[in-house]
Amino acid sequence: MPHRSRLAVLLLDLPPAHHAAGTAFWAGATGRTAVPDPADGDWASLGSLAGGLSLEVQRTGEGTPPRWHVDVETDDVPAEVARLEALGARRLADMGSFWQMTDPAGLVFCVVGVQTGEAFDRYAVRWP
């Protein structure tokens, strides 16, 4: 069954010890204001980049290394996970409503449901 997906979010994962400084640095580096999520103090947005890609900062737990990861959003999580596995991705953790995966080089990414509404409709690729 056909589904759609797109690279939607570039996330900067920062443990508590690095969160404030990292958020301030990337806001300054990009010339953007970090807008905290009023519903979740662990998240802030640096806005939308080219092609509707969002730049976000999230506070992770202790012991998580600072890293970048991307979210692939889709209208069919199981179909997109299977498609990416066929390309060489591996399932890392079932997070309930989404999957944390790794690409063939071991880079972490997540496959999530649609989060961006109009941007998803505008930029998503349809897969057979």
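Colleague: How many helices and strands does the protein have?
Modeller: The model is a predicted one. From the N terminus on, its elements run β-α-β-β-β-β-α-β-β-β-α-β. The protein therefore has 3 helices and 9 strands.

Colleague: What is the radius of gyration, and what would a compact globule have?
Modeller: The C-alpha trace spans about 45 × 30 × 25 Å along its principal axes. For 128 residues, a compact globule would have a radius of gyration near 14 Å. The value for the protein agrees with this, being 15 Å.

Colleague: Among contacts between residues at least 6 apart in sequence, what share joins residues at least 24 apart?
Modeller: A contact here requires heavy atoms within 4.5 Å. Among contacts between residues at least 6 apart, the share that joins residues at least 24 apart is 62%.

Colleague: Which strands does the salt bridge between R6 and E73 link?
Modeller: The side chains of R6 and E73 meet at 2.7 Å, N to O, and a salt bridge requires such atoms to lie within 4 Å. The two residues are 67 residues apart, so the pair links distant parts of the chain. R6 belongs to strand β1 (residues 3–14) and E73 to strand β5 (residues 67–74).

Colleague: Are R6 and E73 buried or exposed?
Modeller: Buried means under 20% relative accessible area. R6 has 5%, and E73 has 0%. Under that cut-off, R6 is buried and E73 is likewise buried.

Colleague: In the salt bridge of D13 with R67, which residue is partly exposed?
Modeller: The closest N and O atoms of D13 and R67 are 2.9 Å apart. D13 lies in strand β1 and R67 in strand β5, so the pair ties together parts 54 residues apart in sequence. D13 has a relative accessible area of 0% and is buried. With 26%, the partly exposed residue is R67.

Colleague: Which helix holds both R83 and E80?
Modeller: R83 and E80 form a salt bridge, with their closest N and O atoms 2.8 Å apart. R83 is partly exposed at 21%, whereas E80 is buried at 1%. They are 3 residues apart, about one turn of the helix, and both lie in helix α2 (residues 77–86).

Colleague: Which residues do salt bridges with shared partners join into one network?
Modeller: A search of the whole structure finds 7 salt bridges. Those that share partners form one network, made up of R4, D75 and D121.

Technical notes: Residues are numbered from 1 along each chain as its sequence is written. This is a predicted model: local features need pLDDT of at least 70, side-chain atom pairs count only at pLDDT 80 or more; totals for chains, interfaces and linings use all residues. Side-chain values use heavy atoms; hydrogens and water are left out. Helices (H or I, at least four residues) and strands (E, at least two) are DSSP runs, numbered from the N terminus. Buried means under 20% relative accessible area, exposed over 50%, partly exposed in between (1.4 Å probe, protein chains only). The radius of gyration is taken over C-alpha atoms; the globule rule is 2.2 Å times the number of residues to the power 0.38.
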